[in-house]
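Hello,

Here is the structure I promised to pass on. My notes follow below it.

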Amino acid sequence: MTVAIDRANIDTDQIIPKQFLKRIERSGYGRFLFYDWRYAEDGTPNADFPLNDPRYAGASILVAGANFGCGSSREHAPWSLYDYGFRAVIAPSFADIFYNNSLKNGLLPVVLSEEAVREIIDRSRLESYRLMIDLERQMVADSRGFASSFDIDPFRKHCLLNGLDDIGLTLQYEEKITAYESRRIATARS
Amino acid sequence: MKTLYDKIWDAHVVHEEDGKPSLLYIDLHLVHEVTSPQAFEGLRMADRRVRRPDLTFATVDHAIPTINRDRPFQDRIAAKQVETLRRNCADTGIELYDLDRPEQGIVHVVGPEQGLTQPGMTIVCGDSHTSTHGAFGALAFGIGTSEVEHVLATQTLPQSKAKNLQVKVNGTLPFGVSPKDLILGVINQIGTDGGTGHVIEYAGEAIRAMSMEGRMTVCNMSIEAGAKAGLIAPDETTFGYLRGRAFAPAEAEWGETVERWRSLKTDPDADFDLSVEIDASELAPFVTWGTSPEMSVRITDFVPDPRSSPENKRRSYELAMEYMGIGPATRLDRLAIDRAFIGSCTNSRIEDLREAAKVARGYKVDGNVKAMVVPGSMQIKRQAEDEGLAGIFVDAGFEWRDAGCSMCLAMNDDVLGAGERCASTSNRNFEGRQGRGGRTHLVSPSMAAAAAIAGHFVDVREWKFK
């Protein structure tokens, strides 16, 4: 299921406000997702906010406007989206750091054209609307005739599909890192 | 023919392979309390060690109080986070500029101040404003916590190369127009995603004439244009700033090092993927009116009318104006403020405080305004006290605090109340950034000081200095 937040420039301060960054854990941020938009000052849910609409309960795809995830580098942003239940975010563009952070946490950022995103936002309001994302084939499609392909770096796709550990991959080159360090020391002394 | 970015990149490639990101060596890793605990925990769980604690430095800045530091933390969760950083640094041998250290301060103020930040380096930190260090001709960018863990474990990062964007600033900045106004003007022109996927190199006469403090302000807000990093080629100003600092090269190696640093500039015929030119002499003091750093106007101009704005901006403008309590097509120069904040990694350095103090000298903060000055580091705090700046602020009625991020992101007690309007020298005017319902207007230090005294925004070019 897909839920839309029809705004551009949704920044990471909105995704996860700063008062929740003091925790030292990596999990449990879903309940703080979009906190200031989701809840009134007294903690009651904001009926106008799409995530509080029962029709979208259990949504796993978020669709939003351009430059999604701009601002702070806080990885708490993808942590909270994932913990809430989202597995993909669709937008016309993403901020670089957020895009990176998402891929490292199994949250797929999908870039589609402005028109395609507009179409999905409109359709997401239809009764029992379902959207499918196929990472393997790099396709987004629904059962009502909408289909669009998306780009993703082949290496990142490979890592995501296979759940590879980045640090483990890099440590395969440990000898090269050590060699680089010795070379650097030599240059600095020459 | 290479750009400065190309040169720094090439010098740091550890491993390259077709179809994969390059593995880049990281020369300096800066750490703070908020984005590091989960990274250290990840290392522990995988039984990995910190590869180069000697290239890693930590400070506390984001969530710490800027007042009453001799008393125990009021905020238990923040206290635990700081305690966690202390333990992680002690366990792994990382130097920590803790609350009781004279070096303590905002991570992007401390790095340059201690001479840790040097030309030609690669620098990362789990904070988006790491772009600040680009002012020294270092490739510096913000990373997430997974990447913090990666750098701790390997001292490298897999990276895909960004594109080159040149912002050339011709002419000279007029009186009363600061580097902050320049970068707000750049963001206004190219938009908050204008730099996405690019490293911005700032060049031109106005950049060359700028102090290191000014260059740091400019590079700091590159991220607000969506850029991966900001860069300025090092020159005599850079070398002069660094010489003699704690971690700067020793005198015996100084000449040789500077010779090497001189080669860190873009070749004359190098190609940029994109170029933007700006005439500094046409700039004026800027004030943001909305909830994105691109939503700004010259102090003498009218804010836009959404009805006559481009269709793709209309809705954002309406939402922002509603949140900010600003009418369409109005001017900001009589708009009353409740708070003024002078500080943050954008504008808390000695020169920023000097500019603000020039305005404040001999005046009093307006009775309806609560104003505070939060120096970027304890070293700057002491220097400002020695220069008499602190006295000017205190006499005028500004609160004079200890160093930290403070109300830039309001993780500590320095928070805006709902509906409060603030003239802020920080970098983000996002909804709720400085406190839920708070209304942030980004300005330069002198504009913030002038607004605090007048009780409303004013054009600092017409200020009667005492």
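Buried means 20 or more other C-beta atoms within 10 Å of the residue's own, with C-beta atoms placed from the backbone. Helices (H or I, at least four residues) and strands (E, at least two) are DSSP runs, numbered from the N terminus.

This is a predicted model: local features need pLDDT of at least 70, side-chain atom pairs count only at pLDDT 80 or more, and totals for chains, interfaces and linings use all residues. Residues are numbered from 1 along each chain as its sequence is written, and chains are lettered from A and ligands numbered from 1 in the order in which they are written.

Eight of the eight residues of α4(A) are buried, so this helix is largely enclosed by the rest of the structure. Among them are A:F98, A:Y99 and A:L103.

**Where the chains touch**

Chain A gives 40 residues to the contact and chain B gives 51 (C-beta atoms, placed from the backbone, within 7 Å). On the chain A side, α1 (12–15), α4 (96–103), α6 (154–162), α7 (166–171) and α8 (174–189) each supply at least two residues.

**A helix pair in chain B**

α12 (residues 350–360) and α14 (residues 389–396) of chain B pack at about 45°, axes 9 Å apart. B:L353, B:R354, B:A357 and B:A360 of α12(B) meet B:L389, B:I392, B:F393 and B:A396 of α14(B).

Best wishes

Note on methods
Axes fitted to C-alpha atoms, helices over the stretch in contact; angles between N-to-C directions. Contact = placed C-beta atoms within 7 Å. Buried ≥ 20, exposed ≤ 12 C-beta atoms within 10 Å, placed from the backbone.
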